[in-house]
Amino acid sequence: MNRAVRSLVVLMLVAAMFAAVVPAGAQTGPYVSPRGMLSNYYNTINTRQYQAAYAQWLNPPQTYASFVAGYADTTRVDAFFGSFRPRQQVTTAGAVPSILIGYRTNGSVAAYSGCYFVTYNEAAVGMGQWLLTGANIQPMAAVPVPESIPTQLAGIDCYTSLGTVGYTNTVYEFAVNYFNAINMGNYWGAYTQWSNPPQTYDQFVQGWSDTAETVLFYGLYQFGGYRAVDTGRIPVVLFGYHLDGSMVAYQGCLVLNYGAYGTTGWTIGGANLTPMLYTGTPPRANMIAALQAWCY
């Protein structure tokens, strides 16, 4: 990301860059995103490095022997992932929508979809920065065609829907969907969520050319009154994972509007973000403090 673009974005909003929906590919470097960890997880399974994959579980739901036996009739798994969804406000755990296509030794193919549940681990970098805590993966009725996978990933709801349009809890779903759109390469869908975009669409897209994924954590919505361009704000922490394996982190508040400029529903009015200071990985305690900060 060039310095000019980054300076503008830090003042307005940190977003994520394109990550094509393709089968799992290894993400290397000292920092690995939740989606990158899961891609690496399935790469280790496909290359029969079962111990490395098994080590990604915080509390494994089965023995190592059972884990290995579960892949005895599998030649490979093509894995596709959406972007991280926070579990709730003021937490560093969440879920990643997933579609898995398994190829068996007898020539048959089966597809599964659902969510992997992960948690942030401040004590490690690389794959260990995110650990698996659970999964809810179910068989699909049919193997999806590649062009349908992005839409199907976007439709996977890892948690109960967050409410009715107009209520404050839909703000969280709006923020999650905004970053998910960027992470999945739907830049236009994200750009149109701004009340008054601070840059052109081309600048918006170009600004994320070195970013693999942005991870959103959020706090409680804070009502700001019925203002024209500031209905409320949400404290956030954002992790930006770069293609070179580096990571940046920001804290601050998103400025959100409901019905601004004659629009229907929520839009983004701006952001007040500053870089987080840390060594190694951001401490979880500092992240929680930022998510509990007052935005006014």
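Let's start with strand S8, residues 232-242. S8 is mostly covered: 11 of its 11 residues are buried. Buried here means under 20% relative accessible area, exposed means over 50%, and partly exposed is in between, with a 1.4 Å probe and protein chains only. Strands (E, at least two residues) and helices (H or I, at least four) are DSSP runs, numbered from the N terminus.

A word on the source. This is a predicted model, where local features need pLDDT of at least 70, side-chain atom pairs count only at pLDDT 80 or more, and totals for chains, interfaces and linings use all residues. Residues are numbered from 1 along each chain as its sequence is written, and side-chain values use heavy atoms, with hydrogens and water left out.

Back to S8. Which residues point which way? Gly232, Ile234, Val236, Leu238, Gly240 and His242 point one way. Arg233, Pro235, Val237, Phe239 and Tyr241 point the other way. All are buried.

Now the partners of S8. Two strands pair if DSSP finds at least two bridges between them. S8 and S9 pair antiparallel over 10 bridges. Valine 236 stands opposite glycine 252 in S9. Tyrosine 241 has methionine 247 of S9 as its bridge partner. The S8-S9 hairpin has 4 residues between the strands, and glycine 245 takes a positive phi near 90° there.

S6 also joins S8, antiparallel, through 7 bridges. Leucine 216 has leucine 238 in S8 as its bridge partner. S7 joins S8 by 2 bridges, again antiparallel. Glutamine 222 stands opposite arginine 233 in S8.

Next, S9, residues 247-258. Of its 12 residues, 9 are buried, so the strand counts as mostly covered. On to strand S10, residues 266-275: 9 bridges join it to S9, and the two run antiparallel. Tyrosine 258 stands opposite tryptophan 266 in S10.

Both of those residues come back at threonine 231. Threonine 231 is in the loop between S7 (222-223) and S8. Is threonine 231 buried or exposed? Buried, with a relative accessible area of 6%. What is it in contact with, meaning heavy atoms within 4.5 Å, once neighbours within four places in sequence are left aside? Threonine 231 touches Tyr221, Phe223, Gly224, Gly225, Leu256, Asn257, Tyr258, Trp266 and Tyr296.

Helix H9 next, residues 284-291. Met287, Ile288, Ala290 and Leu291 are buried in H9. They cover an arc of only 160° around the axis, so they sit on the same side of H9. The arc is that of the directions from the helix axis to the C-beta atoms. What covers these buried residues? The cover includes S4 (109-120), S6 (211-218), S8 and S9.

Alanine 289 is also in H9. At 44% relative accessibility, alanine 289 is partly exposed. Alanine 289 and glutamine 251 are 38 residues apart in sequence and 10.0 Å apart in space, C-alpha to C-alpha.

Arginine 48 has a positive phi near 65°, and it is not a glycine. Arginine 48 is in the loop between H2 (34-46) and H3 (50-54), and at 41% relative accessible area it is partly exposed. Valine 90, not a glycine either, has a positive phi of about 55°. Valine 90 is in the loop between S2 (85-86) and S3 (93-104). At 23%, valine 90 is partly exposed.

How values were computed: Contact = heavy atoms within 4.5 Å.
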